[in-house]
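Reader: I would like to learn how to read the features of a model like this one. Could you take me through it?

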Amino acid sequence: MPMSETSGVLAKSPAETAWGGDPNWWRQAVVYQIYPRSFADSDGDGLGDLPGVTSRVPYLQELGVDAVWLSPFYPSALADGGYDVDDYRAVDPRLGTLADFDEMLSALHNAGIRVVVDIVPNHSSNRHKWFLEALAAAPGSPERERYIFRDGKGANGELPPSDWVSTFGGPAWTRVPDGQWYLHTFAKEQPDWNWDNREVQLDFLETLKFWADRGVDGFRIDVASNLKKDLSLYPDLPTQEQLWDETLWQPGRFPFADRDEVFDVYREWRELFNQYNPPRTAVAEAWVKPERQHLYAAPDGLGQVFNFDLLKSNFDSGEFREVIDRNLLHAAQTGSSNTWVLSNHDVVRHATRYGLPFDETKDNQIARKWDLADGLTIPLDAEQGIRRARAATLLLFALPGSTYIYQGEELGLPSITGIAAEDRQDPTYFRNAGVDVGRDGCRIPIPWVSNAPSFGFGTTSASHLPQPREWGNLAVDVESTDPSSTLSLYRNALALRHKLQTGEALEWLDAEAPNKNVLIFARPSVVGSVEPSRGANETTGAAGGKRWVCATNFGKTPVPMPAGEVILTSSPLTGPAELPAETTAWLLR
Ligand code: GLC
């Protein structure tokens, strides 16, 4: 059923012609995440837009990315930065039109860059046509069946069906005028869909088809783990305290997240994806236990899953080693390839995270509390932050699998604190007063030009979140001409990665590590073959018969540089034959 404007012409995807249908393009792709409202603003209204993205295609090409993933650009009241979708098959008029989308897609494809769009299937917005229909219809009606409505408790149903707390804080149920309650596991503007409803299932297939037909190459699936819910215990739903008690829930049986039935949904999606040439790809956002994560990467399902384990880790060789080994094993078991991520639009940027004390209580998101302490009680070591960020990124780029870059991290942007209450947008801030400042700090518009209004983000000084004054120093024009900048590091690293990238295996060279703070590994030279017993001299590879070695010193003091020709380091060399503290080096040998 058409829910939005559809373009008359569905041009054949350039991806189907220009790339000859390579079905494996995603396996080791460098994917650049664009948060469209904060990327580039073509009309000066302070909100980034799709023509803005089109105007930056040369930048993306020079950076050397294989694909972009666009966070939602659909019509939305922005109750949750666009993850509250009014219409899944349209473009927010403030961000452009479907014609602008097509133009952007062609420009990216012509530059050799694939396009992944964000699909938000756990919830719509409360302005979605079907939610408005549900509100207008009576309790028990088919319109209400598309969402999760229940009567409340108490003499007059004045109490919610359960005391569940939403992900953003506050109650997970909201009452409507006729007295029923609807479930929203995120903000109240984000009612959860009922994924047992066939109309909902079919409508999402339509949405996926809509974008795939337009030429989109893949999908990032928002909150992929939470679609299926079991409320069969209603009206005696478990309490929030019971939900928190992990001993009560078998894997795959939690009432509203990570349930085994969710894979049925993705099997049906995969059948659709495979009707395209090349098959459309998908990557699941699933903040689930490590032992469940790989289930979302099943080849008859979404095919790939985000691995957030490095993002949650401390800058520590032991933790990195464990995470890398576990994820390589899981990817091998499922036939998928890994995804490596250090930053995204939901977390404190890694240049800031690594400058703060490690905090494992909230996925290492300490800076989200930092603001609340006036920035005084938790000291930020910005220099350490960027130094470690560059080292971790270079390590990440050398790993087999696909890698994700969040816009602005290539400039070494920090997360911003001290945003005034009236400028805040994130519902997390408003629903957790005094506890969590939320995610606005990592969503500040990008500085492109050091001495232009809004640092070249737009044509005027308007910027929907305020940019710090000192951001001119981090602007693209400044960093482009500085060979020691983070942007130059990213450009050099990605150019080298393209030349050196080989099979999806990795060989640890533990015997060479001078101490426990150092991780050294090599990549095989021929796709699909890793022979750990092979001597270094016997390998032949992309780099003229040499192999690619990556060494990271997580420690605070320099160590001897491993043997080989140093081709890139994350920080300047301090002495001959020395791998500096908190530094990664790439070598050929
Ligand atoms: C995902 C998105 C996040 C959003 C949430 C609800 O976690 O990455 O930004 O707030 O889902 O859609």
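Author: Three strands form an open sheet in the order β4-β6-β5, with antiparallel pairing. Its edge strands are β4 (149-150) and β5 (173-175), each of which pairs on one side only. Helices (H or I, at least four residues) and strands (E, at least two) are DSSP runs, numbered from the N terminus, and two strands pair if DSSP finds at least two bridges between them.

Reader: What should I know about the model itself?

Author: It is a predicted model, in which local features need pLDDT of at least 70 and side-chain atom pairs count only at pLDDT 80 or more, while totals for chains, interfaces and linings use all residues. Residues are numbered from 1 along each chain as its sequence is written, and side-chain values use heavy atoms, with hydrogens and water left out.

Reader: Back to the sheet: how many bridges join β5 and β6?

Author: Three bridges, in the antiparallel sense, with β6 covering residues 181-183. Within that pairing, W173 stands opposite L183 of β6.

Reader: And how do I get an overview of the chain?

Author: Start with the totals. The protein chain has 18 helices and 18 strands. Buried means under 20% relative accessible area, exposed over 50%, and partly exposed in between (1.4 Å probe, protein chains only); of the 589 residues, 60% count as buried. Contact means heavy atoms within 4.5 Å. Among contacts in the protein chain with a separation of 6 or more, 70% are between residues 24 or more positions apart.

Reader: How do I read a helix, say α7?

Author: Compare its span with the expected one, which is 1.5 Å times one less than its number of residues. Helix α7 (residues 198-214) has 17 residues and reaches 25 Å from first to last C-alpha, close to the 24 Å expected. Next, look at its ends. For polar contacts, the rule is a pair of N or O atoms within 3.5 Å; within protein, one must be able to donate a hydrogen and the other to accept it, and residues adjacent in sequence count only if both atoms are side-chain atoms. N197 caps the N-terminal end of α7, with a side-chain oxygen 2.9 Å from the backbone nitrogen of E199. Just after the helix, G215 has a positive phi of about 115°.

Reader: Which elements do the buried residues of α7 pack against?

Author: They pack against α4 (98-110), β3 (114-119), α5 (129-136), β7 (218-221) and α9 (262-273). The buried residues of α7 include F204, L205, F210 and W211, and also D203 and R214.

Reader: Where does T569 lie, and what does it touch?

Author: T569 lies in strand β16 (residues 565-569) and is buried, at a relative accessible area of 16%. Leaving out residues up to four places away in sequence, T569 touches L394, L489, M561, T583, T584 and A585. A polar atom of its side chain also lies 2.9 Å from the backbone oxygen of S571.

Reader: How many disulfides are there?

Author: A disulfide is a covalent bond between the sulfur atoms of two cysteines. With a cut-off of 2.5 Å between cysteine sulfur atoms, the count is zero. C442 is buried at 3% relative accessible area, and C550 is buried at 1%.

Reader: Finally, which residues are closest to the ligand?

Author: A residue is near a molecule if one of its heavy atoms lies within 4 Å of it. Of the 14 residues that surround the ligand, the closest are D80, D222, E285, H345 and D346. An N or O atom in the side chain of D80 is 2.6 Å from a ligand oxygen. For E285, a polar side-chain atom lies 2.7 Å from a ligand oxygen, and for H345 the distance is 2.9 Å. D222 sits in the loop between β7 and α8 (240-244) and is buried, with a relative accessible area of 6%. Among the residues D222 touches are Y83, D118, H123 and E285.
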